[in-house]
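Here is a short briefing to keep beside your viewer.

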Amino acid sequence: MRPAFLVPALPVLAILAAGAAQAAGIGSGGGPSEVVLVVQIVLLLTVGRLLGEAMLRVGQPAVMGQLLAGILLGPSFLGAVWPEAQHWLFPPGRDQKALLDGIAQLGILLLLLMTGMETDLALVRKVRRAALSVSVTGVAVPFGCGFLLGWFLPETMLPHPELRLVTALFLGTALAISSVKIVAMVVREMDFLRRNVGQVIVASAIIDDTIGWVIIAVIFSLAQGGTIDPWEVGRSLAGTLVFLGLSLTVGRRLVFLLIRWANDALQSEAAVITAILVLMGVLALITQAIGVHTVLGAFVAGLLVGQSPILTKRIDEQLRGVVTALFAPIFFGLAGLSADLTILRDPRLLLLTLGLIAIASLGKFAGAFAGGLLGGLRRPESLALACGMNARGSTEVIVASIGLGMGALSQDLFTMIVAMALITTLAMPPTLRWALHRLPLRGEEKERLEREAAEERGFVANLERLLVAADDGAKGRFAARIAGLVAGSRGMPVTVVRLGPDNEGAVLSGAVAEAAHGARDEEAGAVEVTELVRDAPAAEAVAEEAAKGYDLLIVGIDPTVAPEGGLADAVADAAERFDGPLSIAAARGAHREDPERAALSILAVVDGTRAARRGAEVAVTLARGAGAPLTVLFLSQGAGPRRLTGLATGLGQGDAAALRDVLDLAEQAGLRVRTEVRATRAPEREILRRARAGNRDLIVMGVTRRAGDGAAFGPLAETVLEASDRSVLFLAS
């Protein structure tokens, strides 16, 4: 059944809920009732979900449906056609209203936490020139318009005429800020998120949001003071700057340590989520203590959690579920309930609302368009930017709710701002779609998009945390070096479990750090390395640490091969105790003599399988990080021996595509690759022959685990491992 067909059933839900509320004694002068609270929550969730689905079907964000649910259930609609039922459902008494408002206030903090987690500061750094230009003009112009509007409003529209400056500042901020969530959603939906203009739009909205929350925090301190005290304003500004400075420097490190400690040390369910919520509350209280609003603390907490190099995907999924399903519908529904659109029957207020919408839209459009041109964008790109920045959406509703709660906005002004947020958000998607479709894809941008798409689909790009299980011999130090080269490419944290007695310093973590430093990508953060000593069997040590959550295990244990062939018991046992992808490193030749610094010359073996493609991706990562030469050996059943410099002519369509994919990876990494194709019935001999002939000292192979045996990779891999006099690295998945 389509949501549109369910909308006529909403009055029935209202009648049932009203009956339950009446049965609970609402309207009889009794105190707050938890039964009524449950009725309110159920009704807001149900109606918000149905209308949200309806909005999605017509290309609008679901949050607009949640806001409309509150408008329908509030004085704007239900209160106008059936005031008794509306009063039963949402009684005006302060005590009853405080119950729902408490949930909504927590919802504000959680929404700001999620907004901060979704804020991509790396994206802002990439397009900082255009984004800063757009943000400065895109905030300044509508802010000035809103400030002037507030300054000349009649006193009857002001909650506190003596604090006109506070109201004018708040109106300016309300008109200047854009909704990151709405903007990012529409840009992502149109597959424009990675386009140049899409990145500038989202980055500008992020900066807008950040500036807006800082301004709101300062305005809150003004409203609390009751008078404009320059000393208090200066104290709030200084406190805000110090708080932001400490949070974005020392705080990043502390939050990473907190998340890792909660994940690794606590065994109870959802311990990391609890730690993040506690962090959010502490930062919110700190901002409150320095005289600014709690929302700034929640937003900064989200920024810090989003930049944590571990567990971000799992955290996002767990938090998003409860926020989206419970707190967001209640908060936006309550915002709709607080807006009384019946005031627009007054021609004067209707004209003021239309004027507010026009000022907000034209001010934002003009400011963003001018900022785009100043930032070096073309006119069509600046036009798309101006269209995209006009959505106020959920952010505006949060801002208006804060203003109403702190007394900076009257009920009429609150309703006008909510109406403006609703209209601008509904208008943004079609206008942005129209503008974006007018932008052709140019050559340089196309190449970048293809490179980023390949990286996102790749194996290494989706790694967040590495585990190394190794001894302190040559093979262990070589495995640590491999881990450092991989981790350095993405700034991943690495945990090293050193097997054996604690008789030396942190030799393995030093090898990881040294390799990671040399391989570090410009945009990647520093690699955090932790070394643990475990004088226990490899299987036991790996199982204990792997339970904390890792994406790849790298094993470097001597001996690697058992006397009778196959993996040695310690290596096999460690492999069997790790469920995810694992890599086994065996140092030989020059790498046995100097595992940490001997030069690398890599042979990547590819055969068209997904496992081989992953192995080739690791080989590309190692070659780029170490500055090593790379040869790709493609083993095919249908092509004769040849060396290729271009497309793999003579290969089957699937094999040619697989080889081309690997070569594209190397090209995108800036590597020059020597490519060879061989058809042979003895692939292990061909691999060893090509390694010796080209003097390649590291063979990298992607292999597949045998079903039911996590430490068996097939006869080809075992033969190469046993017979090779060169170093070998297997990536098993």
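The points below are grouped by topic.

This is a predicted model. The protein has 733 residues, and 56% of them count as buried. Its secondary structure comes to 31 helices and 11 strands.

**The protein as a whole**

**Helix 29**

- Helix 29 covers residues 653–668, which makes 16 residues. From its first C-alpha to its last it reaches 22 Å, close to the 22 Å expected at 1.5 Å a residue.
- Which residues of helix 29 are buried? They are Ala658, Leu659, Val662, Leu663, Leu665 and Ala666.
- Looking down the axis of helix 29, you will find these buried residues within an arc of 150°, so they line one face of the helix.
- On the face of helix 29 turned away from the buried side sit the exposed residues Gln653, Gly654 and Glu667.
- After helix 29 comes glycine 670, which has a positive phi, near 80°.

**Aromatic pairs**

- How many aromatic pairs does the count come to? With ring centres required to lie within 6.5 Å, the count is four aromatic pairs.
- One of them joins phenylalanine 147 and tryptophan 151: the ring centres are 5.9 Å apart and the planes are at 15°, so this pair is stacked, the cut-off being under 30 degrees.
- Both phenylalanine 147 and tryptophan 151 belong to helix 9 (residues 128–151), where they are four residues apart, about one turn of the helix.
- Phenylalanine 147 has a relative accessible area of 23% and is partly exposed; tryptophan 151, with 41%, is also partly exposed.
- Phenylalanine 365 and phenylalanine 369 have ring centres 6.3 Å apart and planes at 5°, so they form a stacked pair.
- Helix 18 (residues 347–374) holds both phenylalanine 365 and phenylalanine 369, and they too are four residues apart, about one turn of the helix.
- Phenylalanine 365 counts as partly exposed, at 32% relative accessibility.

Note on methods
Residues numbered from 1 in each chain as written. Predicted model: local features only at pLDDT ≥ 70, side-chain atom pairs only at ≥ 80, totals over all residues. Heavy atoms only, no water. Helix = DSSP H or I, 4+ residues; strand = E, 2+ residues; numbered from the N terminus. Expected span 1.5 Å × (residues − 1). Buried < 20%, exposed > 50% of the residue type's maximum accessible area, 1.4 Å probe, protein only. Arc of directions from axis to C-beta. Phe/Tyr/Trp six-rings, centres within 6.5 Å; stacked < 30°, edge-to-face > 60°.
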